[in-house]
Amino acid sequence: MSSSSSSSESSSSSQDGEEVGGGGGGAGGDFEGPSSSRRRSGNGVWPEPFVEALAFQVAIDTSRSIDRLAAATALASVFQVCSTWRAVSRSDLLWRNLCRRIWGRSRRLHDTWREEFIHRHRTAMNFRHGRFNYSTLDFNPAYTDADLSCRCLALSDFHLAVGFVDGTVRLFDLATHLHVSTCFPHHHGVLGHFSRAVSGIVLSRARLVFATLFGDVHVAALDAGPRLDPVIPTRHVHLGEVVNDGALVDFAGCSRWWVGLYAGVPGQAFRIWNGETEEPVFVGGTLTDPEAVIGWHMFTELTDFVGRVRVTSQESAVACTSRRVIVFNLRNGGNVHSDQEVGQGVMVGSLDTNNEAYVIVDGRGVGRVRRADNLEEVRRFTARGRRVLGCMNGGYVLTWTGSVIRVWEVEQAQQGHLYSLEEGIPGDLIAMVADDRHVAACNRDSSIHLWDFGNQ
């Protein structure tokens, strides 16, 4: 394993808003009001519950009108009005509401919600200014084929999951960068050399769900203990029926929903599962009907992306092929919200989502970020290249066009990209993923690259 740090200095508390943190346009959830038992001030002094609600609204309005990081300055201004207003900064309920709305966080990793808010703000500031540690990750090649190659990636707060062409998924600890566990599939059928390849992974703190090109879906429980077992048992939740369904070319989801994208059989493009009951709730769709032949070829040759599907936190999903982009509702049985033919074509590998928006690059290299609920265009940029991979987090889009990874800010429409990750990645990238702290990528020789934007 090798590592290096970016040349930028670490952020100072005054520059990064250490005392209050920062935020902007995140996942839903209204302000949860203070308890009625909280002390109220009299004699013309505004009561603390009112000030707390005011501070919350000021931060949210600032994050929406400027960006997430600007909310820290706005909060600091509120807290400096007087000692009564400053006392509101000690309300953990306020910080919890702000973390939920601005950073999309419903679970904290630190002792208090205020500390969580500060951590998220500092990490976002590091992301804006390109402050990171870079590493390459090594794994134990035991029980693998000589031609093992990476196919997909997924991130959680604690782990990076890497899916391989032989059907295995390897877990890396993000704190130590060590390969800690491996999940092996239960193959019940083989059709071609690549039928075992992992199509997609859904990763959370407690559970790993992954699917293969053949259509098998497996679940592994991730224990909450200090260490994971070297080999994690898996169980089948869905047996692939390739003759009836075609190839499972992509698989994505969240704790509530899983979505499989198929190609090979007309009218069978999607399968939606309830992630809590693990039962399918919808089968159908025609998105990949024109790609049916290519879907069957994937079992015997490594083709480029046939289609891609990604899930937002608003119970919607976005899917595309090289010709069409659709947005559909997961709760209402795949009800299509938008269906767009793209005359100039789509770079399928560029599609990704965050909590509420998606990014996609067309055949001319024009990238667009749109809100999934109303299709409003938030950001436009240019990412020309023979082949484009894309991923995004709450505030940034990353694109790879054949040589370097470029970082684009979503909330502030600058003319060009912010900076590039130029660590020198040999060969073509196969997969790339990002969350608000980490970026990971892998290429055809199975080298795994990790950028950590956490507190430097």
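How many bridges join E25 to strand E26, and do the two run parallel or antiparallel? Five bridges join E25 to strand E26 (residues 405-409), and the strands run antiparallel. The model is predicted, so local features need pLDDT of at least 70 and side-chain atom pairs count only at pLDDT 80 or more, whereas totals for chains, interfaces and linings use all residues. Residues are numbered from 1 along each chain as its sequence is written, and side-chain values use heavy atoms, with hydrogens and water left out.

**View 1. Strand E25 and its two partners.** Strand E25 covers residues 396-400, where strands (E, at least two residues) and helices (H or I, at least four) are DSSP runs numbered from the N terminus. Two strands pair if DSSP finds at least two bridges between them; strand E24 (residues 389-392) is joined to E25 by four bridges in an antiparallel arrangement, with Leu389 standing opposite Trp400. E24 and E25 form a hairpin with three residues between them. On the E26 side, Val397 has Trp408 as its bridge partner, and the hairpin of E25 and E26 has four residues between the strands, where Gly402 takes a positive phi near 120°. Five of the five residues of E25 are buried, a term that means under 20% relative accessible area, with exposed being over 50% and partly exposed in between (1.4 Å probe, protein chains only). Tyr396, Leu398 and Trp400 point one way from the strand, while Val397 and Thr399 point the other way.

**View 2. Two nonpolar cores.** A nonpolar core is a set of buried Ala, Val, Leu, Ile, Met, Phe, Trp, Tyr and Cys residues joined through side-chain atoms within 4.5 Å. The largest has 44 residues, and Leu153, Leu160, Phe270 and Phe328 have the most contacts inside it. Strand E13 (residues 257-264) supplies the largest share of this core, four residues. A second, separate core of 42 residues includes Leu75, Ile102, Phe132 and Tyr419.

**View 3. Helices H3 and H5.** In helix H3 (residues 70-79), seven of the 10 residues are buried, among them Leu75, Val78 and Phe79. The buried residues of H3 pack against helix H2 (48-65), helix H4 (83-87), helix H5 (92-102) and helix H6 (113-129). The buried residues of H5 include Leu94, Trp95 and Ile102, and what covers the buried residues of H5 includes H2, H3 and H6.

**View 4. Salt bridges.** A salt bridge is a side-chain nitrogen of Lys or Arg within 4 Å of a carboxyl oxygen of Asp or Glu, and a search of the whole structure finds 24 of them. The side chains of Arg68 and Glu411 meet in one of these (3.7 Å, N to O). This pair links distant parts of the chain, 343 residues apart, with Arg68 in the loop between H2 and H3 and Glu411 in the loop between E26 and strand E27 (419-421). Arg68 counts as buried at 4% relative accessibility, whereas Glu411 is partly exposed at 26%. Asp245 forms another salt bridge with Arg271, the closest N and O atoms being 3.1 Å apart.

**View 5. Confidence along the chain.** The predictor's confidence in each residue, pLDDT, runs from 0 to 100; the mean for the protein is 85, and 86% of its residues reach 70 or more. Over residues 7-19 the pLDDT is below 50, and over residues 34-44 pLDDT stays under 50. Where pLDDT is low, the predicted coordinates should not be read in detail.

Definitions and conventions. Contact = heavy atoms within 4.5 Å.
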